[in-house]
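Here is a friendly briefing to read alongside the model. Keep the 3D view open and look up each residue as it comes along.

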Amino acid sequence: MIGKAARVASSLSALSSVLLTAAGGSAEGRAATPSIFAPVSTPAFAIRELAMFVLGITGVIFVVVAGLGVYVLVRFRRRRGDDRTEPPQVYGSRQIELAWTVVPLLIVAVLFLVTARYIYGVEGHRSREGALEVTVIGHQWWWEIRYPTLGIVTANELHVPVSDAARPTPTFLTVQSADVAHSFWIPQLAGKMDAIPNKTNRLWIEPLQPGTYVGQCAEYCGIQHAGMLLTAVVHSQDDFARWAAAQQTPARNDGDVQRGRTLFVSLACSSCHTVQGTPGNGVFGPDLTHLMSRSTLGAGVMPNSPENLRRWLDNPTALKPGALMPAMKLSPEELNDLTAYLLTLR
Amino acid sequence: MKMDAMSVLVETVAPGREAARPRPWLAVLHDWVVTVDHKRLGILYVVTGLGFLVVGGLEASMMRLQLAWSGLHVVPPETFNRLFTMHGTTMVFLVGIPLVFGFGNYLVPLMIGARDLAFPRLNAFGFWILLFGALLLHFSVVGGDGLYGAGSAPAIGWFAYAPLTERAFSPGNATDYWNLALLVTGFGTIATAINLLATILTMRGPGMTLGRMPIFVWEILTISAMTLLILPPLSAAQIMLLLDRFLGAHFFDTQAGGSAIAWQHFFWFFGHPEVYILVLPGFGIASEIIPVFSRKVIFGYVTLVAASAGIGLVGMGTWAHHMFAVGMGSPLNSAFAASTMLVGVPTGVKIFNWLATLYGGRIRFQTPMLFCTAFLYLFLCAGLTGIHLAVVPFDWQLTDSYFVVAHFHFTLIGGLVFLVFAGLYYWFPKATGRMLSERLGRWHFWLFTIGFNLTFLTMHIPGLLGMPRRIYTYPADRGWEVWNLVTTLGVPLQILGVAVFVVNVVVSLRRGAPAGNDPWDAWTLEWATSSPPPPYNFAIVPTVSSRRPLWDLKHPGDPDGLHE
C-alpha cells in the first residue's frame with residue numbers, strides 16, 4: 001500500500017519539485033535553493049518519500065472536506081423567496097457520528113505506523129566501517145567542525161565524501177553546543193538536529209551527488225542567529241582525500257609575513273583562535289590554520305576575499321552586528337600586516 | 001403568540017429609566033476602574049486584548065517590512081529579535097488570553113442564568129493584575145538595560161529557551177521583565193480560571209443542568225480546568241529561572257550542569273495545551289453562531305462536548321511534538337507522534353459536526369457567519385498542516401521553519417481571531433444595544449481574509465524551501481525573496497481590514513441601528529434579557545428546560561427537550 005501510494009506521490013513530487021525549485025535560482029552556482037523537496041542524501045530522500053505520502057493523504061482529505069463544505073454552503077444558502085419557517089431540526093445521528101470518528105482513527109493508525117517505521121528507519125541507522133565521523137559544535141554564531149579520526153579542525157564548511165553503491169561512505173555527525181541551543185540544518189542532506197549544551201546528539205547524512213549545499217542554524221540563538229550559515233561541500237571520494245590531506249598539513253610559515261604572524265601571536269587574537277604550529281591555541285573562535293581554504297567569512301555572511309578579510313579585522317561588528325570578536329583598534333599598517341599573514345593560511 | 005412569550009420574559013428584566021443627564025467623564029472612568037461587574041470586566045478584557053492585537057500587529061508589520069526582500073536594513077538585528085519576542089509574547093499572553101477570558105467573563109453568567117461570576121472581586125483582581133503584567137512587560141522598553149542604557153525589550157523569543165535566558169547570554173533586566181510580567185499575568189489567569197470554573201459548576205440557573213449548557217460554556221469549562229493544570233508548571237519554571245538569574249541557582253544553567261531540555265519540557269507542557277486554551281473558546285463561538293445562522297440545532301451536541309474534552313485530555317499529552325529535533329530518541333518521538341495525530345480526530349469530528357449542522361439549513365451569510373465560514377476553511381488547513389508536523393521525520397525538516405510559523409498563524413488567527421471577530425459582530429448588539437454596520441463588516445471580512453491568505457498561505461512556501469524562522473535577514477541567492485515579498489504585501493490589507501473594524505465600532509456605538517433584545521433570532525439565554533443587559537442580568541432568572549430555552553419559547557408546540 002505504501003509502495004503504491006509512494007508511486008502516486010512521486011509523480012506529484014516531480015511536479016512540485018519543478019514548482020518549488022523553478023523559483024529558486026539555477027541548479028548550478030554555489031547556492032541553489034535548499035528545498036526539502038530536492039534531496040541529495042539518503043535520509044533526506046526518505047523524508048521526502050514520507051512527506052509525499054502524507055501530503056497525498058492530507059491532500060485527498062482537504063479536497064473531500066473542502067468540497068463537502070463548499071457544496072453545503074452553496075446548496076443550503078438562504079435564497080430569496082424562502083419562507084420564514086425554520087428548516088427541519090436534526091439533533092444528531094449516532095451512526096453517522098461514529099463513522100466520521102472511526103474513519104479518521106483508521107487514517108491516523110495508518111499514518112502512525114508509517115511514521116514510526118520511518119522514525120526507526122532513519123534514527124536506527126548505525127555507523128559502520130568506512131563511515132566518516134565528524135563532530136559539529138554550535139557556537140554563538142559559527143559552527144566548529146572537527147574530524148577526530150583525521151585530526152582536522154575547521155569551521156562553517158562541512159566537507160564530506162560522496163557515497164556510492166560500490167563504496168558507501170555515509171557521514172555520522174556528533175552534534176553539540178558550546179553555549180546556547182542551536183540547530184544543525186542542511187535541508188537537502190537531512191532533517192534538523194538540535195545542538196544543545198550538555199547533550200550529545202547524532203545525525204547521519206549520505207550524500208549521493210557531489211556539489212555544494214547550503215543550510216543554516218534553525219534554533220534562535222541570539223542576535224546573529226541569522227548570521228550562522230552553513231555550507232556542505234560534497235566531494236568525489238578522491239577530491240575528499242585531497243582536501244583532507246591539505247587540511248592535515250601544518251600552517252604555512254612564510255618568512256615575508258613575519259610581522260603579521262608576530263601580531264597574531266602577541267595580540268589577543270591567539271587567545272581565541274588557533275593556528276597550528278604557533279603559540280595561538282585559543283578555542284573560543286574558529287581555527288584559522290587553513291582560513292583561506294574556506295569560501296566565506298563570519299560564518300557565511302560575506303565571501304572570503306582579501307578586502308573583506310581586512311575590513312573584518314578592522315571592525316567585525318560593522319559587518320556582522322553583535323559578533324563576539326572585538327575590534328582590535330589596529331593601525332592601517334598593522335591591518336595590512338595581519339591581513340597579509342592570514343592570507344598565507346591556505 | 002411567540003412575541004408575547006418573549007416580551008413577558010424581557011419586561012421583567014428591563015432596566016430602570018436611564019439617568020437623563022450625562023455623567024462627568026471622571027465618574028464614568030471611576031465606575032470602570034472599581035467595577036466588579038462581569039460584563040464590564042469582560043468588556044475591559046476584550047478591549048485590552050484588541051488593543052494589544054494592534055500593538056502586536058504593528059510589531060509584526062515591522063518584521064514583515066524587514067523581511068520583504070533579502071538584505072534590507074529596516075530595523076537592526078537586536079530590534080528584530082526584540083520585535084518577534086514581544087510579538088509572540090503579546091499575541092499569546094496579552095491578546096489570546098484576555099480575549100478568551102473576556103468572552104468567557106461576559107457570556108458565561110448570561111448563558112447559564114447567573115447574576116455574576118462566583119467571586120466578583122477576584123474577577124477584578126484577575127483583570128487588573130493581567131493589565132499590570134502587560135504594562136510591566138512593556139516597561140522593559142525603558143527599563144530593560146537599566147535606566148541609563150537606552151532601554152530594551154527582551155530578545156529571547158516567546159518560548160525563551162534555556163540557556164539563552166541565563167545571565168551569561170542575556171545580561172541586563174529585559175529577560176527579568178519578561179519573566180516577572182508573565183508570572184503575574186499567570187496569577188491573574190489562574191484566578192479567573194478558578195472563578196469561571198466555580199461559576200459554571202455552582203451558579204447555573206434553575207433547570208440549567210450541565211447537559212443543557214451552551215457549547216461555548218462547555219468550552220470555557222474545559223479550558224478553565226486545563227488552565228489550572230498547565231499554568232502552574234510554567235509559573236514554577238519561571239520561578240526557577242528567577243532563582244537562576246538572581247540567586248545563582250543552576251536549574252537551566254548549562255555551564256554549571258543545568259538542563260536546557262528541562263525548560264523545554266516545562267514550557268511546552270504549558271505552551272502546547274495553551275494553544276487549545278486559545279482555540280477551544282473559538283470553537284465555542286462557532287458552535288453558537290453556526291446553528292443560529294443556519295437556523296438549525298447544533299448537530300451532535302454530546303459529540304461536540306466530548307470532542308472538546310478529548311482535545312483537552314489528549315492535548316495535554318502532546319507537548320513534546322515541539323521537540324522532535326532535540327534528540328529524544330525513537331520511542332518518545334513515536335509516542336508523541338501518536339498523541340499528536342490522535343488529537344486530530346476529535347478536531348476533525350468537530351468540523352464534520354459543524355458541516356452537518358449547516359447541511360439542510362437556510363444559511364444567512366451575515367458578517368458573523370462569514371467569519372465562521374472562513375474559520376472552517378482556515379482550520380481545515382491548520383489541522384492538515386498539523387498532521388504534517390506530527391509526522392516526525394517530516395517535522396525534522398519543517399520544525400523551526402517558516403512552514404511552522406504559517407501553520408500556527410492559521411491555527412491561532414483562524415481558530416481564535418476570526419472567531420473573535422465573528423463573536424464581536426454577533427454579541428456587540430447584546431453588549432451595546434446597537435448593531436455593527438453590515439456593510440463595513442463585509443469590507444472588514446474581505447480585506448482581512450484576502451490579506452491573511454496572501455500572507456500566511458504564501459508563508460508555507462519559504463519554509464518548504466529551507467527558510468528558518470526568527471532570522472532578521474537572509475542571503476539573496478536562496479530563492480526566498482518573491483515569497484517573502486508576497487507575504488509582506490498581505491499585511492496592508494489586514495491592517496486596512498482591522499481599521500475598517502475600528503471605524504465600524506466607533507461609528508456604530510453612536511449611530512448603529514438599535515439592536516433590540518434578540519436581533520439574530522437566537523436561542524440561548526443571553527438573548528432573553530435586554531441589550532445591554534441590566535446589572536445582575538436577570539431580575540427573575542428564567543427556568544430552563546432544554547438546551548435552547550428561546551427556541552422553546554418561540555416554538556411552544558415543538559420544544560427541544562423532547563429530542564435531547
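At 0% relative accessibility, Asn537(B) is buried (buried means under 20% relative accessible area, exposed over 50% and partly exposed in between, with a 1.4 Å probe and protein chains only). This is a predicted model, in which local features need pLDDT of at least 70, side-chain atom pairs count only at pLDDT 80 or more, and totals for chains, interfaces and linings use all residues. Residues are numbered from 1 along each chain as its sequence is written, chains are lettered from A and ligands numbered from 1 in the order in which they are written, and side-chain values use heavy atoms, with hydrogens and water left out.

**Backbone features in loops**

- Asn537(B) has a positive phi of about 70 degrees although it is not a glycine, and its place is the loop between helix 15 (481-511) and helix 16 (549-554) of chain B. Helices (H or I, at least four residues) and strands (E, at least two) are DSSP runs, numbered from the N terminus.
- Asn198(A) also shows a positive phi, near 65 degrees, and is likewise a residue other than glycine. Look for Asn198(A) in the loop between strand 7 (193-195) and strand 8 (201-205) of chain A; at 52% relative accessibility, Asn198(A) counts as exposed.
- Gln140(A) and Trp141(A) are joined by a cis peptide bond, with omega about -5 degrees. Trp141(A) sits in the loop between strand 1 (132-139) and strand 2 (142-147) of chain A.
- In chain B, the peptide bond from Ala162(B) to Pro163(B) is cis, with omega near 0 degrees. Pro163(B) belongs to the loop between helix 5 and helix 6 of chain B.

**Helix packing**

- Two packed helices are described by the angle between their axes and the distance between the axes.
- Helix 5 (residues 120-143) and helix 6 (residues 174-202) of chain B pack at an angle of about 165 degrees, and their axes are 8 Å apart. Here axes are lines fitted to C-alpha atoms, for helices over the stretch in contact, and angles run from 0 to 180 degrees between N-to-C directions.
- That angle makes helix 5 of chain B roughly antiparallel to helix 6 of chain B (under 35 degrees counts as roughly parallel, over 145 as roughly antiparallel, 65 to 115 as roughly perpendicular and the rest as oblique).
- The residues of the contact between helix 5 and helix 6 of chain B divide into 15 nonpolar, ten polar and no charged. Ala, Val, Leu, Ile, Met, Phe, Trp, Tyr, Cys and Pro count as nonpolar, Asp, Glu, Lys and Arg as charged, and the others, Gly among them, as polar.
- Between the chains, the axes of helix 2 (residues 42-75) of chain A and helix 10 (residues 330-358) of chain B come within 9 Å and cross at roughly 20 degrees. Helix 2 of chain A and helix 10 of chain B are therefore roughly parallel.
- On the chain A side, this contact (heavy atoms within 4.5 Å) is made by Val65(A), Leu68(A), Gly69(A), Val72(A) and Leu73(A) of helix 2; on the chain B side, by Ile351(B), Phe352(B), Leu355(B) and Leu358(B) of helix 10.
- The residues of the contact of helix 2 of chain A with helix 10 of chain B are eight nonpolar, one polar and no charged.

- Thr115(A) lies in helix 3 (residues 94-123) of chain A and is buried, with a relative accessible area of 0%.
- The side chain of Thr115(A) reaches the backbone oxygen of Leu111(A) at 2.7 Å.
- Leaving aside neighbours within four places in sequence, Thr115(A) is in contact with residues of chain B, including Ala337(B), Met341(B) and Pro393(B).
- Asn105(B), in helix 4 (residues 77-112) of chain B, is buried as well, with a relative accessible area of 0%.
- The side chains of Asn105(B) and Asn123(B) are joined by a polar contact of 2.6 Å. A polar contact is a pair of N or O atoms within 3.5 Å; within protein, one must be able to donate a hydrogen and the other to accept it, and residues adjacent in sequence count only if both atoms are side-chain atoms.
- Not counting residues up to four places away in sequence, Asn105(B) touches several residues, among them His38(B), Tyr45(B), Thr192(B) and Leu196(B).

**A buried strand residue**

- Ile152(A) is found in strand 3 (residues 152-155) of chain A and counts as buried at 2% relative accessibility.
- Beyond neighbours within four places in sequence, the contacts of Ile152(A) include Ile145(A), Tyr147(A), Trp243(A) and Gln247(A).
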